[in-house]
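Hi everyone, thanks for making the time. I have one chain to show you today, so let me put it up and then walk you through it.

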Amino acid sequence: AETVSRISQVYGRVEQVIQDAKAEVCRRTAVEDWIKALTAEEKALLAEYALDFAMQAANRALLISLEAIDAELTQQEKEE
């Protein structure tokens, strides 16, 4: 339960950072205009960061899923 609480707190902080970044971008200009104004190199870098973040999130989700399966199997073995 403590781990879940910690993960929830971290997720909340990530969400806040994302919201802060969106607010900052929107204050400057509309997101679409901001992206259009980026150079090709900047767009490529932004895409790379987004893909890296998505891969880290997917890998973490997979790890947690495997840990849950392991815990379930361990529990079943103890019950048998």
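Let me begin with glutamate 80, which counts as exposed because its relative accessibility is 81%; buried means under 20% relative accessible area, exposed over 50%, and partly exposed in between, with a 1.4 Å probe and protein chains only. Before I go on, a word on the source: this is a predicted model, where local features need pLDDT of at least 70 and side-chain atom pairs count only at pLDDT 80 or more, while totals for chains, interfaces and linings use all residues. Residues are numbered from 1 along each chain as its sequence is written, and side-chain values use heavy atoms, with hydrogens and water left out.

Glutamate 80 sits in the segment after helix H3, which covers 40-79. Helices here are DSSP runs of H or I with at least four residues, strands are runs of E with at least two, and both are numbered from the N terminus. The chain has three helices and zero strands, so to speak an α-α-α order from the N terminus on.

Leucine 73 belongs to helix H3 and counts as partly exposed because its relative accessibility is 44%.

Another residue of helix H3 is glutamine 76, partly exposed at 37% relative accessibility. How far is glutamine 76 from aspartate 33? They are 43 residues apart in sequence and 55 Å apart in space, C-alpha to C-alpha.

That brings me to the overall shape. The C-alpha trace spans about 65 × 25 × 15 Å along its principal axes. The radius of gyration is 19 Å, whereas a compact globule of 80 residues would have one near 12 Å; the value is taken over C-alpha atoms, and the globule rule is 2.2 Å times the number of residues to the power 0.38. Buried residues make up 2% of the 80 residues.
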